[in-house]
Amino acid sequence: QLENVRTLVDPQEPDPLGTPGATLIRSAAWLVLPLAERGAFPEALAHGRKALDLAEAAQDLYGIVSAAYCLAYLHCLRGEVDAATPLLERAVPLAREREFTVWLPQVTGYLGHAYSLTGRLEEGLALLERAIAMYDATRAWPFRTLLTVHRGTACLLAGRQDSALAFGQEALALARDHGER
């Protein structure tokens, strides 16, 4: 499936579908995540930039939030938190104002993660707690485990070892419960 999506959003082809439509934008954005996890950073960055450019050209606000999150994820994974933060600071108000309830907890939590990594620990923890509460209110679990890991990391950075350990254990339990690896 990864190869099918790669073909669809080949950066050598400026517009393989003939339109900067929602499918192309979302496919290019989401392709960033597995590529980043595999260490294919240049390819992931090319797809992320393409997704954001297409979303902006189409004035697709949902696509902008999607692409901004995926690019921010890539930047955080590479340790480029300063590049991730403005993307997330743009995505959070868009997701809130447009009521993109699927995205709001994720971009809020990831902004909290970015803030924590840059030393803005109290702001980061508050955003992570808010994001997890949003997930819990909807009983959604995608990304809940990852945000719990980030919450534990923020606690560790803040010197709260007991809380960090508790969130690490919670994240492990969530991952096991949902069959995540």
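## What sits over α7

Helix α7's buried residues are covered by, among others, α6 (104–117) and α8 (144–157), with contact taken as heavy atoms within 4.5 Å. This is a predicted model, where local features need pLDDT of at least 70, side-chain atom pairs count only at pLDDT 80 or more, and totals for chains, interfaces and linings use all residues. Numbering starts from 1 along each chain as its sequence is written, and side-chain values use heavy atoms, leaving out hydrogens and water.

Buried here (under 20% relative accessible area, 1.4 Å probe, protein chains only) are Leu121, Gly124, Leu125, Leu127, Leu128, Ala131, Ile132 and Tyr135. Looking down the axis of α7, they fall within an arc of 165°, so they line one face of the helix; the arc is that of the directions from the helix axis to the C-beta atoms. An α-helix has 3.6 residues a turn, so residues three or four places apart point the same way.

Turned away from that buried side, α7 carries Glu122 and Ala137, both exposed, i.e. over 50%.

## Length and end of α7

Next comes Arg139, with a positive phi near 60°.

## α2 against α3

α2 (residues 22–37) and α3 (residues 41–58) pack at about 155°, axes 8 Å apart. They are therefore roughly antiparallel, the label for angles over 145 degrees. Residues of α2 that meet α3 include Leu24, Ala28 and Leu35.

Key
Helices (H or I, at least four residues) and strands (E, at least two) are DSSP runs, numbered from the N terminus. Axes are lines fitted to C-alpha atoms, for helices over the stretch in contact, and angles run from 0 to 180 degrees between N-to-C directions. Angles under 35 degrees count as roughly parallel, over 145 as roughly antiparallel, 65 to 115 as roughly perpendicular and the rest as oblique.
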